Amino acid sequence: MSKRTTPIIIGNWKTTPATKEIAVTFIKQLDKKCGSSKIKLPRKAYYLAVPDIFIPPLSELSSYGYIGAQNSTGTSLGQITGETTPSMLASGGASFILLGHSEVRKQGETSEAVSLKVALSLQSKITTVLCVGEEKRDKEGVYLELLEKDLTVSLALAPKHLLSNLVIAYEPIWAIGKDIPATPAECFEAVIALRRALATLFSIDYAKKIHIIYGGAVTADTAKIFLTDGGVDGLLIGRASQEVSSFLEILKVCHSA
Ligand code: PGA
């Protein structure tokens, strides 16, 4: 895996938009604007994690981005009602899957459950974006230990030969859905802790190369500074990815030289 120079900008649509028609219109408008942008955007400028039901039509439609899922099951084919496996998502057009998002963990998902999901997703050869983040910070730095532990448990079953498809999203829970993101310095500090844990788990070389992205209250005004000063290779964006204009602005600032 070589370190990429193109930032990974992932939008997380969560439970929006309300209909397939709105989702299709969004992608048409976004792609049109990407095509006519004065700032030259890469051939694939964005990733969008959308509700599963929209993956097939949007993945066929989108030419400037990758369409992915927001969750999947940790159990392969079988008798489990209401779940979708990573390979089903891939065959429906998903290029990547977010796992361990704090809004899913909040519903009772443990790091052990996340580790099963990560393992199955990597075995399915799909880009797997593992989200981790602390609930709150403390002066003593205990949160860094908890963060490292969370990462370690979530990756406990990850097959070592399939790690090139793994991306880590550092998402402090106290910033998600709020008005103010972490500072680039706070992000940098957490990213160092995550890379340290990855070096212990796998290797120093891997820890240096793996792509780590930041998420939590990012807007077009704050996006670029995370890439320059926050020690990350991309961003995970919730609310600001749910409007064409705000997402496009972020793509432009992040992909400009
Ligand atoms: P936000 O969400 O950008 O709306 O804070 C981020 C996320 O939940 O991934």
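**Reading helix packing and burial**

Mentor: Let us start with a contact (heavy atoms within 4.5 Å): Pro184, Cys187 and Phe188 in helix H7 meet Ile225, Phe226 and Asp229 in helix H9. The residues of this contact divide into five nonpolar, no polar and one charged, where Ala, Val, Leu, Ile, Met, Phe, Trp, Tyr, Cys and Pro count as nonpolar, Asp, Glu, Lys and Arg as charged, and the others, Gly among them, as polar. This is a predicted model, in which local features need pLDDT of at least 70 and side-chain atom pairs count only at pLDDT 80 or more, while totals for chains, interfaces and linings use all residues. Residues are numbered from 1 along each chain as its sequence is written, and side-chain values use heavy atoms, with hydrogens and water left out.

Trainee: At what angle do H7 and H9 pack, and how far apart are their axes?

Mentor: Two packed helices are described by the angle between their axes and the distance between the axes. Helix H7 (residues 184-201) and helix H9 (residues 220-229) pack at an angle of about 45 degrees, with their axes 9 Å apart; axes are lines fitted to C-alpha atoms, for helices over the stretch in contact, and angles run from 0 to 180 degrees between N-to-C directions. H7 and H9 are therefore oblique to each other, since angles under 35 degrees count as roughly parallel, over 145 as roughly antiparallel, 65 to 115 as roughly perpendicular and the rest as oblique.

Trainee: How do H5 and H6 pack?

Mentor: H5 and H6 pack at an angle of about 45 degrees, with their axes 7 Å apart, and they are therefore oblique to each other. Ser111, Glu112, Val114, Ser115 and Val118 in H5 meet Asp150, Val153 and Ser154 in H6, and by class this contact has three nonpolar, three polar and two charged residues.

Trainee: Which residues of H5 are buried?

Mentor: Buried means under 20% relative accessible area, exposed over 50%, and partly exposed in between (1.4 Å probe, protein chains only). In H5, Ser111, Val114, Ser115, Lys117, Val118, Ala119, Leu120, Ser121 and Leu122 are buried, and the elements they pack against include strand E5 (127-132) and helix H6 (142-154). Helices (H or I, at least four residues) and strands (E, at least two) are DSSP runs, numbered from the N terminus.

Trainee: Is glycine 65 buried or exposed?

Mentor: Glycine 65, found in strand E3 (residues 65-68), is buried, with a relative accessible area of 5%. Glycine 65 touches Lys44 and Tyr46, not counting residues up to four places away in sequence.
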